[in-house]
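Open the model in your viewer and keep the selection panel at hand. The stops below go from domains to chains to a pair of helices.

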Amino acid sequence: MTEPLLYEISSPGRRGCRLPQPDVQREELPAGFLRDDLPLPEVSEMDLVRHYVHLSQLNHAVDTGFYPLGSCTMKYNPRVNEAISHLPGFTQLHPLQPPDTVQGALVLLYELQEFLGEISGFPGISLQPAAGAHGEMTGVLIMRKALYDRGETQRNVILVPDSAHGTNPATTTMSGLKVVQIASDAAGNVDLDALRVHLSDQVVGLMLTNPNTLGLFDEQVLEVTRLVHEAGGLVYGDGANLNAMLGICKPADLGFDVMHFNLHKTFGTPHGGGGPGAGPVGVTAELATFLPGPIVVEQEDEESPFLTWHVPEKSIGPVKSFYGNFGVLVRAYTYIRMLGAEGLRRVAENAVLNANYLLSRIRGVYPLPYDRTCMHEFVVEGRIEGAPDVRALDISKRLMDYGFHPPTNYFPLIVPEALMIEPTETESKETLDAFAEALLKIAEEAREDPELLHNAPHTTPLGRLDEVRASHPKTMRLCYTQEC
Amino acid sequence: MPYIPNTDADRAAMLAAIGVERIEDLFHDVPEEVRFPMLELPDPLSELEIQQELLMLSEVSIDLNHTACFLGAGAYRHFIPSVVDQLISRGEFYTAYTPYQPEISQGTLQAIFEYQSMICALTGMEAANASHYDGATAVAEAVITAFNVGRRKRKKAILSPMLHPQYRAVARTYTQGMGLTLIGDDDLSNGVDALAALCDGDTACVIVQNPDFLGQLYSPAEMQTLADAVHGCGALLVVAADPISLGLFAPPGDYGADIVVGEGQPLGNPISFGGPYLGFFACRKRYVRSVAGRIVGETVDTQGRRGFVLALSTREQHIRREKASSNICTNQALCALAAGVYLAAMGKRGLRQVAELCYHKAHYAAAEIAKLPGYEIMGDRPFFKEFVVRCPQPVDKMLRYLLDDWAILGGYELGRDYPELDDGLLVCVTEMNSREKIDELVEALAELGGPRQGGEVS
Ligand SMILES: Cc1ncc(COP(=O)(O)O)c(C=O)c1O
């Protein structure tokens, strides 16, 4: 099943929207400045609607089925968050309005800063970063600036465990620092000996994901953060996995100095097909002066409470226009207010329960490189005994035939044929059972009829796609309109 | 608990299958001294309560439905047809994630491909990516792209002083560790000729905005002259553009731009207190391997049917890690979807019509204001939807008066960014401003007018 392109259903003269005539006199247009042609499609409103509805039907989404994409926390996106975020008192505010005209929005942002501070233990919060990776860059620039501010300008290395997400090393380079990779030990923790070897007065700090990307809580995390601090470095926490920690522990209490939140993971804001998300950053009191701003503060010397903007004194500078992805922040705020402290803890508990339960159902069939109690996700190897040429990718593609979105594939890199599975707390036991049954059935199929897996998926709108062709200079086509 | 379907019976069965007694037992790896902190958060609310409370909170602010808005400066109020929100609110779009698995993500992938195609059409470029966080970060990434195209040997980027102040600030934040210097924007008199003169063999790129932050337009001819000078130094020309203006004015691809970026919010995304927006990014095909972010390409499936996939991913962080062109992962996909639906709904003629409405109304407003004693429209360049009014009274006080007495957001106080222009008010007029409201603005300004006479604001 394929859908024609907008350009292919376009017909000269069709309109998808009618606009009014000007209510003022027409001014002459400046000759020599104008364009000749504007090659946009011309479609009727109904054709437009059908086109996008058809496209939507080609997607798997949380709303259509189970989406255990590890590291992404594909939980249910509550509808009330959408309704609230669409209120005109939020969507129809100009970011440059004077603060006294936007107190409603400022109250929401201020309280969200407070909530995130309470959940994480960090007194300084900036809501400005737009996504996790954006928060990472913010955090690493803060660490760099804080150390340079102390005169330690020789520090130019960030330590990154070998299990880290690709954004961690990429962020390091973008921040002008060098990556040194730290090995993991046999239990899936940071290898303390490897860490000690690389700690020196060259080190800005360590970027650590905890629970890590194996879904494991680092059993020596306090020792890890202590060692980094002892060497004069700072510890960055990649908060992608905070869903397992809500009300379980505060990252600041583990010795982290900076952390980003992933509101589109932990706090139920929709992933949008790849964004927008939000990646607020939390820091210790000592680092708060380096945060990007503006952030919302209470104005002193006012009679009634009044909120306004403030740019921290030694700020690294703004990381985007204005204050952050406000519409996303409204959703996360609503989510936290709906759940409260107890609800958030239940989120973490049930996320971890669901993951351990699912693991218990497939343990023994799919190799488990680190056999420990997992947190909100776990990583197995997509290798099946008796089916030597079946790969993780084949298993993933075959899962589509059972109506499931595959797990994350080939990440983390330290697990061969990794399948990273994150069920989230919003899934029922029935769904987990059905998914486990499918994985078990696929293991059988792999032994009996490996071709069934190699040729999967069979029931999707399209079969496997030729990715090489899409990137090859001779065949690459990146848009419809130009020779490209 | 909301959103958690497990019942007590489910939990008991699951714990038994795992082989532990209590959920708490699953957290034995968490150091005991920090385990299970009390969180001080407001009590949970039902949906009924939260709807009531947040409706009230939202009404505390003065929204643009209840005030006349002539404020732009990087965030714009444009008409959004109903189909945009209706279509992007389909759960199949907004509850999916990055289309890593193309067989079950063709909807998102094709929509991005179409968005890329329309951005190329608009800008006159040959390739576009799937979006950046906003216009400012797209500018920053353009600097980095140019730096990489120059093999990191060219260590200078030249910025127009009339490039949006936030874009310049964000570009500085992004590049602070890279050993790049950003120059040219410290002197307001640096026009395109002066920027061309600054360009040398150490320059990675020159960045100008057209129309610029003050609303002024540069002709294709003078832009081409700049492009030739920039290319003569072996550098790239980056143009930041208002996408609505491109419905009417020559695309940067026509006058030598190598990279075209901008704030995509005006394309079907609400003003939303500053976000979420999207940065669009388009370039010549020869630079595409240095670009940041997701790019969708066309291909075929096993049966030869057309389909779409994420292309050129060897540039990206999940493959290249520390050697990636950027760290960007999640972008602003749903905002780009909105932009795509918007562009398709407007189509070839609609977008031009929107641009013309802005142009005519802005010129009407400028002409009327120019008639008032004490006011002057700055400069004599053609402009699009924004223009600078030099005012007879302190701008901050005037704005306060307009808001308090007339319920008008009168514009942006330029002195905040340009001390030399402290009598400058940046006024924005779009298709959303009726003649009636424009006349009201003029009337209000008239009341304040005259060089320090009558209507003095207190
Ligand atoms: C562990 C980890 N870190 C960082 C990121 C980057 O977050 P974002 O995609 O929001 O930029 C991700 C996202 O997938 C992740 O899983």
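Contact here means heavy atoms within 4.5 Å of each other. Keep in mind that this is a predicted model.

**Stop 1: the domains of chain A**

Colour chain A by its domain assignment: domain 1 is 1-58, domain 2 is 79-337 and domain 3 is 346-469. Now select domain 2 and domain 3 of chain A. Their centres, taken over C-alpha atoms, lie 31 Å apart. At the boundary, 25 residues of domain 2 of chain A touch 20 residues of domain 3 of chain A. Between them, these two domains bury about 1,700 Å², with 64% of that area on carbon and sulfur atoms.

**Stop 2: the domains of chain B**

Move to chain B. Its domain 1 takes in 68-78 + 352-453, and its domain 2 covers 82-343. Select both. Over C-alpha atoms, 29 Å separate the two centres. Domain 1 of chain B brings 27 residues to the contact, and domain 2 of chain B brings 27 residues. The pair buries about 2,200 Å², 65% of it on carbon and sulfur atoms. Which residues of domain 1 of chain B lose the most area to domain 2 of chain B? Pick out Arg381(B), Phe384(B) and Tyr418(B), which together make up 30% of what the domain 1 side buries.

**Stop 3: chain A against chain B**

Zoom out and show both chains. The contact between them draws on 208 residues from chain A and 189 residues from chain B. Chain A and chain B bury about 17,100 Å² between them, and carbon and sulfur atoms carry 64% of it. Highlight Phe33(A), Arg35(A) and Met174(A). They supply 5% of the area that chain A buries against chain B, more than any other three residues.

**Stop 4: a helix pair across the chains**

The crossing of α10(A) past α2(B) is right-handed.

Now show the side chains. From α10(A), display Tyr333(A), Thr334(A), Arg337(A) and Met338(A); they meet Glu47(B), Ile50(B), Glu53(B) and Leu54(B) of α2(B). Colour these contact residues by type: four are nonpolar, one is polar and three are charged.

Terms used: Residues numbered from 1 in each chain as written. Chains lettered and ligands numbered in written order. Predicted model: local features only at pLDDT ≥ 70, side-chain atom pairs only at ≥ 80, totals over all residues. Heavy atoms only, no water. Left-handed = near helix turned anticlockwise from the far one by under 90°. Helix = DSSP H or I, 4+ residues; strand = E, 2+ residues; numbered from the N terminus. Nonpolar A, V, L, I, M, F, W, Y, C, P; charged D, E, K, R; others polar. Domains from an automatic or database assignment. Buried area = accessible area lost by both parts, 1.4 Å probe.
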